[in-house]
Structure formats: C-alpha cells, structure tokens
Amino acid sequence: MTFKCIAGSMLALLVAANTCVAQQLQPVAEQAQSIYNYHETFGPLFYAKNGNEYRAASGEPGPKYWQNRADYRIDARLNDQTNEITGTEVLTYTNNSPQTLGFLWLNLDQNLYRQDSRGSAIIPITGSRNGGRGQVFDAGHKIKSVKLADSGQELKYIINDTRMQVFLPKQVTAGGGQVKLKIDFSFISPDYGSDRSGILQTKNGKVFAIAQWYPRMCVYDDVTGWNVLPYTGPGEFYLEYGDFDLNITAPANHIVMASGELLNPEEVYTVQQQQRWKQAAESDKTVLIRSSGEVTDASSRPAGKTELTWKYKIKNARDASWASSASFIVDAAKINLPSGKKCLAISAYPRESTGNDSWGRSTEYVKRSVEMNSSKWFEYPYPAATAVAGSVGGMEYPGIVFCSYKSRKAALWDVHDHEFGHTWFPMIVGSNERLYGWMDEGFTTFINDLTTAEFNNGEYAPKQPVNMQRVSMTRPDLETILSQPANLRESNTGTLLYFKPAMGLHLLRDQILGKERFDFAFKTYIERWAFKHPTPDDFFRTMENACGESLQWFWRGWFINNWRLDVAVRDVKYLDNNPANGLLVTLDNLEKMAMPVILDIKFKSGKTDRVKLPVEIWERNASFIYRHMSTEEVESVTYDPDKVMPDHNSRNNVWQK
C-alpha cells in the first residue's frame, strides 16, 4: 500500500512524509562519554530458536514445511445504484498441516466499517486514514448462510468483529484433508474504505474499487496456529494461496477489471475491441481498447443486454479484487517476461485522468515496472497486470492495483511502481502483513529505488543522493521496525514500515555487503519463499547464509532496536611525532550502533586517501586507533565523507589541522 498516496524513490518518500529533517546537532566534547557496549552489539544467541523440520537454521523451508490452501469460486453481482455487492462463494480448504481441524476461521474485513467495530472505536478524534472516515451506512458483511457445499448441511458459525468462526460436523483430517463450504454473503461498499477500496463519482459514472469483499480464509501456520488478529486498519493482510474463479455480473454499460485473465472477451467486448486486444498482446506500444470518445458511445458496449457477466481466473494467488465502471477508458500493451510467457499491461481510467502527463502513460509505467523486477528478482507470475484509476491513493492486490485518478507525472510512476512492486512482497513472498508490515512495504520501497533509477534512464530518479546524516531514522519517539503495525503511532508508520527498512537494505547492499553479494542473497530469499509464508527470522537467516556473513549486529541495531550511530574522529597524531612515519587516527563509537567506517584523509599536497575499515573494529572496542601509512603532513580526516552512514551527529566527524 502507498503511505499517504506516496510511493517510489526514497528521496520523494522522505520529503513527502516529512521524515527527512535537519538534526539539531549539539557540540560534543572532545572525549564525549560513550554508551557503546560491544558485548551487547556483537553478543551471541541472537536467534531465540534453533532451526527445525519446518524452518531450517539456514533460513530456508525445512524438509517438512507445510502450508494450507484455499481455492475460491465466487459469483458476484454489482448493483451500481445501491452500491451493494451480493455473492456466493464456494471455498475449498485443504488442510496440509499435521493437525486435524474441527473449526475454521475466516476474515470478514467489511465489518471494519461498522460503527461498533474495534477499528472504528480506536480512530482518534483527529482522524485517520484507517476506517471509513465517519461514514454512516448499513456497513459490514451480511452472511446469509454457511453450508457444506456437497451436502447443503447448514453449519453453525459465530461472527466476532472482523472474524467468523465456522464449526464443522467432522474434523478436516491432517496431511491433505479437504472441506468445501458454500457461503452466501452481501455488503454495501463504503465510499471510502481505509484508502484500500471505495467509490469515485465521475462525470460518466461511478468507479467501484472492490477489495476485501468476500469471506477470506485466515492462515493456519506452524508459527502461531490460527492467525486471527482482527482487522482494525493499520495492519494489512495474511492470506493463504489458491486458485480463484470469478464470475462478476455488472450493468452492461460497465467494464469490469479483475485479478488474472479475462476468460470471455468475446461476450463482454465488441468485435472491434477484441481485435484491439489481439493487437495490444503483440505491441510494445500502448494500444487503445476503448477511447475517451467511446465512453459515451453506446456502441462501445455489446448491445441487447442489461447485464454482462465477466469471467476471470487467477492461479496460485493469495487474494483477488476487481473494479467496475461505465466511465473506463482502457488501453494495454505487451509485457516482455524472461521466459517468453504472454502477459498484458492494462490500464483503466476515467476521462478526468487522460493526458500524456497522467494516465495516458499508465500502461507504459506498468509494463516497465513489471519487466524490470521480473528480470532482476523473480518472474511476474500472472497473465495480466492491471492498473485502475479511482479514489484509492494506492493499493495492491494480485494482478491488479488501485491508484489515484489525480496522480500525474513522477507521482503516477511512483505509485504504479510501488503497488506493482508489491507483486514480489507480499504477493509472491507471502509474509504476514498484519504483524510485519515492513517485510512488504519496506522491501517494496527498496526495490522501487532501483527501478526508478533505471526507468527511462532515470527520468524520475532523485537529482541528489539521500544524505543519510540528515535522515531522521532513530528519533527517540520512534518505535522499532519489528513493532506490530497496529502498535505504531500513525505518524511513525511511514518511517518504520517503509523508509527505515528500505534504508537498511540500501546500507546492506551499498556499504556492508556490496551489490553482487546482496543481490544474490536477496534473490535467494525470494526464490526460497515464493508462494510461502516467511517470518523475520527466515529472512535474517537466509541473508546471512547466502551472503556468508553474520549480520546479527546489524539486525540488532537497525531492526530489533532503535539504536543510533555516532562515530567521532577524536584525534590525529603522527607516529613518533614525525609525518614521515605515518598517522594514528583515534575513532570513538559514542552510541550503541556499529557500522563499517569510511575515512577521507587529506594531505597538505592535496592528495586524498580513501580508507574503509570493517565493522569488526568495533567488535571489542569503543575506541579504535587506526594506523595509516603515509609520509606527509595531514590537513584533515573526515568520517563518512559521502554521508552514506546514518550518523546522527556530524559535528564530530571532521578533524582539521
């Protein structure tokens, strides 16, 4: 999801979220008191548990790793006058766990918008992006029946806030047992749904962005069993993988976009539009399927019916969403995947979003974002990548994203690149967003920086690199990255879910491991946990094992704690008081974090030596004396000359003669 409708380059994120602030730096005494404790920073026993048969100590799935599966067939109908969606869901649940299950838990996310929900109760009087912005309507899921699909037997169920517990007449056996439920449901879509779904009113009709719309299986895993934290808004989702067959009936003048592949274009598009689809499938340039001028032309929709049913299918996905409107302009182009598989970039947007500085370039942005990440990390797994313009600032679902119809230029690239970046985290790597939002938002923000630098030769890349010394990532009012999203101050969400974890990956890639080692380890993590459920330990262990380094000191300082970095150049002397014998540079580590050291040593002749010291200099020292072999007088010694380290106090970084 986009934080306050902003995504993409790190610099844009930091500036827009007001987290890039000038530090109020205080003068530091020449020999300031250090609080650094190398026993704490480099201490052993970082991991609470050893590896087991489900999750190996190396960070990969163990030999007996398992996860359950949820397959859905859903028939839904949209009433665009009442904003009501009615549906019938047939859910096939497969229990691959070693335990038998006598009851099931499902998410009923629409219940968040009820006035008596927990999420509504915790919204502060100052407002929030979470919840329904005070809308008063007949909100929530209406569950009409829950039955065994095969026999029609009615099942007992209890609804509590955003969860539903279903009691089974017979336990689902371990190791592959199945149960098939049939659930009839309905709900009225909110106008504003936590900036994840909603309705936009345009001149040519409503744009419906429909998400969290069907009863969704909770995850049962080897870590906590049933994951049943209520949906209150801040934390996102944790879902099982499966196949989705969607049949969505909407007014005949609507166009419906959904996750996956459209199976019946001949029933829902005109002959001319079908020909344009075929052209787009072979074109690297954007092809108009339905133009702006055709939006109000009745002949641009199949004649003779009041409703049309759109059939979509997506495989091995954790969710499915859709959008519907009579106002959609539609265009598309081919996505070139490494394997040669067919894939389409598609955009749907109202007239209010037309123009080459706006959604006229949407499909170009979708195409390139997907192509770049597919080539670098893991191939995009779905047959289509669809961007829909509506009221939602930015939200991701498998194969489809919702982005603001107002976005233009760099902001549109950023939000498209961010939301489709979420294909890799958490659509492919299925982490628990409800608990660890940084594992999808932070990782996606990081890969966005790389694609933004590459796209169109850096068209939207920041003009200047981020000054890490001026980025407030360790403020005293911050919680830690590993805090649950629902436990964070909302003002800190942007820093702790998006920016700080992304900056941590940049530090690893650029300053600690190097690009080659980091990229191999990060790609290994994606490949190991594709379509599985990793925990933070699985990520930490995989990175260490694949790159060949113990990084526990880094995880402690940057992710587990809110430690600060402050390295001072305290003193510079000549050996035996003779410049010809070389230099002795005294460095102090004054705060609790450790990082490698970069020094520029400038001599009287104008020559500058760049020195890099490993983090291990702090493994048993709070102060370290570095001997530099030189033969001439020194003018200055500067710590972190390129400002790539998160050193919070730059006043003690330079020694001058």
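Visitor: How is the chain divided, and what should I know about the model?

Guide: Domain bounds come from an automatic or database domain assignment; here they give domain 1 (69-227 + 238-428), domain 2 (429-525) and domain 3 (564-656). Residues are numbered from 1 along each chain as its sequence is written, and side-chain values use heavy atoms, without hydrogens and water. In this predicted model, local features need pLDDT of at least 70 and side-chain atom pairs count only at pLDDT 80 or more, while totals for chains, interfaces and linings use all residues.

Visitor: How many residues of domain 2 are in contact with domain 3?

Guide: Contact means heavy atoms within 4.5 Å. Eight residues of domain 2 touch 13 residues of domain 3 in this sense.

Visitor: What area do domain 2 and domain 3 bury between them?

Guide: Buried area is the accessible area (1.4 Å probe) that two parts lose on being put together, summed over both. For domain 2 and domain 3 the value is about 980 Å², with 59% of it on carbon and sulfur atoms. Gln469, Thr474 and Gln511 supply 58% of the area that domain 2 buries against domain 3, more than any other three residues.

Visitor: Is Thr423 buried or exposed?

Guide: Buried means under 20% relative accessible area, exposed over 50%, and partly exposed in between (1.4 Å probe, protein chains only). Thr423 has a relative accessible area of 3% and is therefore buried. Leaving aside neighbours within four places in sequence, Thr423 is in contact with Tyr380, Pro381, Tyr382 and Ile428.
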